[in-house]
Structures are given as structure tokens and as C-alpha cells.
Amino acid sequence: MRIQMRTEGGFAYIPGLSRPTILDSATLSPQESDEIQHLVSAVHFFDLPTLQEQTVHGGDQRTYKITIEDGVRSHSIQVTDPVKDPQLQALLTFVQQHASM
Amino acid sequence: MKLTTVQRYILPPHMLTALAQHGSPEQRAIALHMLGHDHSIRTVRMVQGLQVNHHHLSVQASINAEGALHRVIYDDHGTMDLPGECVRVEGQHAIGDVAANEAYDALGWTHALYLQVYGRNSINDAGQPLDASVHYGTQYNNAFWDGERMIFGDGDNQLFNRFTCAIDVIGHELTHGVTEDESHLAYVGQSGSLNESISDVFGSLVKQYSHQQTAEQADWLIGHGLFTDKIQGEALRSLKAPGTAYDDPLLGRDPQPAHMDHYMHTVEDNGGVHINSGIPNHVFYLVATRIGGFAWEKAGRIWYETLRDPGLRPTANFRMFARLTMANAERMFGSNSRELAAVHEAWTQVGVQIPAFAKEY
């Protein structure tokens, strides 16, 4: 499984932080690999709408564009802070903590 | 100069304003009285600002003297569950949490600027409570306005410190609420850049007001102190010198332009709202320093009246906004005023051509 995430928006546009980050489950420990598989399944990622529900108000929220490739399946979604689905937030947090540029 | 009854009724508003601000006590009283006969809410607000400006030092000591301020600070304790636990409400003493106290104090200064200078009572001008949630998430590198409250992360302590440490960041976020209430400037492209710039302008004015700094004394930086000492940069943005706030091996270089020749066409960042905001940001700096003195008194008032101008459309671009700033400067200070000249020269300096007539939009 390969996960790409690009973070946009936020209080400032910072070039060095706008590049996409990549997480390849093959590089994770067996325990972490199981965890990411579980998180993706729990949120039914491949069935999620491309654009998640978000508030039309506010300013400076961060938007996350996530693409997951798993075998022949590939799906992309876009979600904006604050993320309302705790399972999707758990997936986001895991990717943020384990992905690299 | 002595005002007669006849003169009172033929003096244009900008002259009355000047008298209210700089005249003798008698002239000030008459001018303020006359301006009070103008039932324009905008003018009444302006007068309120003039009245309190002369007493700002004593007012500062009690920024909630009018009982109009209602702050509520919540603690998310590292979760993302909003709003979190209520930890401090209006009137309570400081608690043992720096971030919560910083948010409380900065919300107070932001409210004070809007109320004392512009006569605006909170975000919606109707006393809306100011809610803020601190300690949002874990190592969360952002602060934002979600339409109801301000939300602040603690930073990761690698790149960013806690986002409450910069008073202008809090003023910036609250101003997003003001802009949303007044103009609905679309958060994309040039209108989005104007939205961002207005937040930077009033965020910077909150900081200057809290420090009682003149335009010449201010650093005109946004987010000074947010970067850790591992980062080569002094702030996130600079109104004085866009494009120079940071230059770091990891973060890259501050991408903000200061002139239309360097306007960045991009699909990222909602069409570059945090990038091209450098252009109107720099215009405000130029106007404020050309006029001199406290930036919130004249330059800030021109920008505030423009934000509230019914002619400011949600899809306004830089040219439209520029023309409205000139129209408001002329209305308040006169067609031959140095204030109007400063606004015109500033927009010209950054390469924004101002349409002569509204229909040219």
C-alpha cells in the first residue's frame, strides 16, 4: 500500500512544507503495517466521497489531499480541518507521523 | 478657528473629522456633536474611535470597561475534539497555562482595537463572544478560524512554537471573522489574497496598538516568534518587505511578492491567497508610513471603512479594492489630502492600476 498526502492551506504558504509526503507500507514494521491496513479499512477509504463534508466558513484551515494505491485499487480524497470523522483523523495522523518527503 | 452655526452645517465630514481629532477642546466638542448628527453608522463608529483614541492610555488599563467583551478559552488537551474543556471565562484571573492566557489576552487586545478605535463590538458588531481553543491536536502546526472560534496548535517545537505566542496571529484569525461578517470576500485568488491581507493588516495593528507603536516603530512582521531557533527566519510574513521573512534550507524562501510584476499565478494555496497577499500588505505599510503616526488612526480607518463598504464585492480584485480605498480616503480626508495621495501613490508603487470609474470594474 502506498499513500501520498499533500497538505495545503494553513496560516501561511511555506514552500518547503507544501511538497507531497509518501508512506509506503513496505517500509513499515509488521505492526505498523497492520495498523495502517486497519485504519484504511476502518474508515472505508476506497468508498469515501472524493470531497469530504467541510465548513464553508473560516480561514487558514489546512486541506489534505490523500491518494492511496493498494494493488489495483486507487482512490483520492480531499478533506479540510477540522476533520469531523475521528477514524479519518486517525488515518491522517498516522500518515503525518510516518510519511516522508 | 471658531465655528458658527452656519459653518457647522457646511463643513464637509473630513474637515469635521480633522477638527474632532486635532481641534481645540471647544472645536472638538462641536465637531463631534456635528458628526453625531450624521446618522451614518459608519461615521458614528469613526467618532467613537476618535473619542477613545485620546484616552487610549487610560482605557488600556481596563479593556473591558464597557462590559462588551466575552472571552471563553477552551483546552483541547492535545485532542481534536472541539471546543474542548472550558478553562477560563471573562473576568477570571490568569490560570497556569501560558497558551490559554496568551489567547485570552490577545483576544482582549483585538477586541479593544476594534471597539476603541473603530467602534466595532466584536466580530459581528453585536457582542459575539470570542471563543478560542488551545492545545489543538498533537504537534499541530497551525492556527485557524473555523467560522465559530479560533483554534490554535502547540506547534511541533521543531519548526514552530505554540501559535498563541504571536498576538498578531490571534488578531489575524479574529479578523477573518470580521471579514466574513462584513464582505464575504471569496477565499480564492485575488479576493482571497485581499481576505488574507486584511487579516494581516489588522493583526499587525492589534500588535502595534497593544505596544502603542507608531508606523515607524513597528516591525510590520506577522508571526514573529513562531519559528523555533532551528529555523532561519524571523517571521512568517513581512508587510514592510514581503519575500524576506525567512530563507531556510528546509522551509525554503518566503514566496511573497511586493509588486504585481512578481504576482504568482498558482493553483496551490487557493490560488496563492497567502502568497499574493504580500502586494496589498505592502500597500498598507506604504500608506501607513507615508501618513506617519499611529497606523490604526488613519490608514487603518481607511482599510476598515473599505472592508465595510457595500461596494466591496465577494469577488473583488486588487484594482477594485484599491479604488475603494481611494474613495474612502477621499470621503474621510478630502480630495486634496495627503492621506488620499498616500493611498494613490502606494497602489501605483506596487503596480496596481486604479480604474478611474466604478464601471470599469
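Let me start with rings. The count comes to 23 aromatic pairs over all chains. By the rule, rings of Phe, Tyr and Trp (its six-membered ring) pair if their centres lie within 6.5 Å; planes under 30 degrees apart are stacked, over 60 edge-to-face, and the rest tilted.

Some ground rules before I go on. This is a predicted model: local features need pLDDT of at least 70, side-chain atom pairs count only at pLDDT 80 or more, and totals for chains, interfaces and linings use all residues. Residues are numbered from 1 along each chain as its sequence is written, chains are lettered from A and ligands numbered from 1 in the order in which they are written, and side-chain values use heavy atoms, with hydrogens and water left out.

Back to the rings. Take Tyr209(B) and Trp296(B). Their pair is edge-to-face, with 5.0 Å centre to centre and 85° between the planes.

Buried means under 20% relative accessible area, exposed over 50%, and partly exposed in between (1.4 Å probe, protein chains only).

Trp220(B), Phe284(B), Tyr285(B), Trp303(B), Phe321(B) and Trp347(B) form one aromatic cluster.

Stay on helix α8 of chain B, where Ser193(B) lies. Ser193(B) is buried, at 0% relative accessibility. Its side chain reaches the backbone oxygen of Gly272(B) at 3.4 Å. Leaving out residues up to four places away in sequence, Ser193(B) touches several residues, including Val273(B), Asn276(B) and Phe318(B). Contact means heavy atoms within 4.5 Å.

Now chain A. It has two helices and four strands. Along the sequence the pattern is β-β-α-β-β-α. Of its 101 residues, 48% are buried.

One residue there leads us across. Ala12(A) lies in the loop between β1 (2-9) and β2 (21-24) of chain A. Ala12(A) is buried, with a relative accessible area of 14%. Which residues does Ala12(A) touch, not counting residues up to four places away in sequence? Leu236(B), Arg237(B) and His274(B).

That brings us to the interface. The contact takes 33 residues from chain B and 24 residues from chain A. The area buried between them is about 2,300 Å², and carbon and sulfur atoms give 58% of that. Buried area is the accessible area (1.4 Å probe) that two parts lose on being put together, summed over both.

How many salt bridges cross the interface? One. The side chains of Arg6(A) and Glu268(B) meet in it, at 3.8 Å, N to O. The rule asks for a side-chain nitrogen of Lys or Arg within 4 Å of a carboxyl oxygen of Asp or Glu.

Polar contacts next. There are 15 residue pairs in polar contact across the interface, both at pLDDT 80 or more. The test is a pair of N or O atoms within 3.5 Å; within protein, one must be able to donate a hydrogen and the other to accept it, and residues adjacent in sequence count only if both atoms are side-chain atoms.

On the side of chain B that touches chain A, β4 (143-145), α7 (167-182) and β9 (252-253) each supply at least two residues. α7(B) gives the most, with five residues.
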